[in-house]
Amino acid sequence: MPIVMRHRVVATATAVALAAAALTACGSSESGGGQAESGPVSLTYWAWAPNMDKVAAIWNKKNPDIKVTVQKQASGDDLVTKIITASKAHQAPDLVQAEFQALPTLVSNDALADISKEVGGAKDAFAPGLWQQTTLGSDAVYAVPQDSGPLMFFYRTDLFQQFGLKVPTTWDEFATTARTLRTKAPDTSLTTFSSNDSGLFAGLAQQAGAQWWTAQDQKWKVGIDDPATRKVADFWGGLVKEGAVDNQPMYTPAWNKALNTGQQIAWVSAVWAPGVLTTAAPDTKGKWAMAPLPQWDTAKPATGSWGGSTTAVTTDSKHKAAAAEFATWLNTDPEALAALVKEAGIYPAATAAQTGGALAAPPEFFAGQADFYTKAAEIAKTTAPAAWGPNVNVAYTSFKDEFGKAAKAKSDFGAALTAMQSATVADLKKQGFEVAP
């Protein structure tokens with residue numbers, strides 16, 4: 001049995017907020033997947049991606065004996081809490097859409113089933129770094145990867161040319177480019193370090209080789225303040241402190257304006273960035289290009305992830321085999337994957353679906369880069385492994401608090417990282433988990 005289940009003492013912080021409303025909703029006959037049924041199988045699938053009912057309709061037409069009903073849900077911690085609440089009441093659905101970083105929390109609360117025997121054959125359809133995240137470092141498999149968010153470097157081609165800049169291939173070159181731009185155009189920044197979205201920093205640490213949570217001697221070991229992450233924190237902290245990059249948060253009117261007017265000319269983001277730029281910087285359409293993320297070691301190219309989700313089967317499901325069959329179809333079948341791209345607008349985790357078909361043409365905002373998705377697929381193959389724990393929410397909140405203060409004050413990011421490590425360890429102990437030194 002995996003470590004996260006064997007050493008669960010109490011529920012994680014995410015599960016504490018059990019709302020009466022959620023219990024009421026989960027207890028309805030429409031929501032529950034725990035009732036034994038006779039005749040054809042009926043499965044319930046909680047998902048937040050848009051138009052998943054249209055994708056399920058393709059399955060239902062071909063599989064009349066296994067009907068899947070999609071129930072639209074909120075995403076993030078709200079859904080994690082609702083799943084755990086439903087599981088404790090034995091009223092969870094058969095299938096759930098779960099983010100990679102949520103899997104340990106759900107597994108530690110006995111909410112997800114091990115489907116390794118049912119989906120093991122799907123392993124080769126995905127990049128090793130993505131499949132690894134569904135196993136939690138064990139022989140079990142708790143989900144099938146659905147979509148991914150490999151990190152990349154997005155830049156304004158016109159302004160790079162105007163300022164005589166070269167696209168950086170290493171982080172040292174990235175720093176030099178940021179400084180050079182400041183010298184040539186003091187009111188212009190290469191990019192910003194933002195503390196309001198923890199996922200980007202986690203992905204950058206992942207690229208550098210960080211393993212924030214690992215199992216050691218039947219205990220959780222927290223490695224947030226490890227050499228790999230400290231390298232990333234020191235790098236960005238140094239750039240912020242010297243003013244080589246901006247220190248303002250993303251997704252604000254000021255950030256949108258900076259991108260739209262060319263006050264910021266690049267963005268370290270994920271494959272889904274074109275959709276954001278369409279609304280954040282509409283006047284810059286056709287002026288952007290994508291390149292691989294700058295590297296720490298060009299001999300060993302790697303990228304991190306910002307976002308991504310899976311399809312998991314719950315322990316309450318009375319039809320685990322049928323649910324696992326649907327989860328495999330949804331994320332590996334060519335017709336299903338094409339529908340996911342078209343209807344749900346996701347970047348599929350399955351390697352074969354990352355080029356051609358619905359992704360044959362580049363995003364409209366990047367119409368001038370015909371090889372956008374071909375290049376993205378190559379980058380996605382280099383996704384580094386990631387290690388998540390049962391209190392990601394606490395670590396992410398601490399990042400926003402500690403790095404937010406440090407970025408605003410242009411102070412030491414190392415101290416913020418140490419505080420983030422301490423807060424995460426303290427919470428694990430508070431929740432009753434055994435923690436290695």
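Guide: Asp-110 sits in the loop that joins α6 (103-108) to α7 (116-119); helices here are DSSP runs of H or I with at least four residues, strands are E runs of at least two, and both are numbered from the N terminus. This is a predicted model, in which local features need pLDDT of at least 70 and side-chain atom pairs count only at pLDDT 80 or more, while totals for chains, interfaces and linings use all residues. Residues are numbered from 1 along each chain as its sequence is written, and side-chain values use heavy atoms, with hydrogens and water left out.

Look at the backbone of Asp-110: although not a glycine, Asp-110 has a positive phi of about 55 degrees. Most residues other than glycine have a negative phi. Asp-110 counts as partly exposed because its relative accessibility is 27% (buried means under 20%, exposed over 50%, and partly exposed in between, with a 1.4 Å probe and protein chains only).

A positive phi also turns up at Leu-136, again in a residue other than glycine, with a value near 55 degrees. Leu-136 belongs to the loop between α8 and β4 (144-156), and its 24% relative accessibility is why it counts as partly exposed.

Leu-136, Gly-137, Trp-213, Thr-214 and Ala-387 are the closest to the pocket's centre among its 14 lining residues. (On a 1 Å grid over the protein atoms alone, a pocket is an open set of points where a 1.4 Å probe fits, with protein on both sides within 12 Å along at least five of seven lines; lining residues have an atom within 4 Å of a point.) Both α8 (128-133) and β5 (213-216) give at least two residues to this lining, and β5 has the largest share, with three.

Along with Trp-212, Trp-236 and Phe-403, Trp-213 has the most contacts inside the largest nonpolar core, a set of 124 residues. (Such a core joins buried Ala, Val, Leu, Ile, Met, Phe, Trp, Tyr and Cys through side-chain atoms within 4.5 Å.) A second, separate core has 19 residues, including Leu-79, Val-96, Leu-103 and Ala-143.

Leu-79 is also one of the buried residues of α5, among them Val-80, Ile-83 and Ile-84. Helix α5 (77-88) is twelve residues long and reaches 17 Å from its first C-alpha to its last. After α5 comes His-90, with a positive phi near 55 degrees.

Back to Phe-403: setting aside residues up to four places away in sequence, it touches Phe-193, Ser-195, Phe-201, Ala-233, Ser-398, Phe-413, Ala-416, Leu-417 and Met-420 (contact means heavy atoms within 4.5 Å).

Ser-198 lies in helix α11 (198-207). With a relative accessible area of 3%, Ser-198 is buried. Beyond residues up to four places away in sequence, Ser-198 touches Tyr-396, Phe-399 and Lys-400.

Our last stop is Ala-384, in the loop between α17 (372-380) and α18 (392-409). Ala-384 counts as buried because its relative accessibility is 10%. Leaving out neighbours within four places in sequence, Ala-384 is in contact with Gly-129, Gln-206, Gln-207 and Thr-303. Glu-242 is 142 residues from Ala-384 along the chain, and their C-alpha atoms are 30 Å apart.

Note on methods. Expected span 1.5 Å × (residues − 1).
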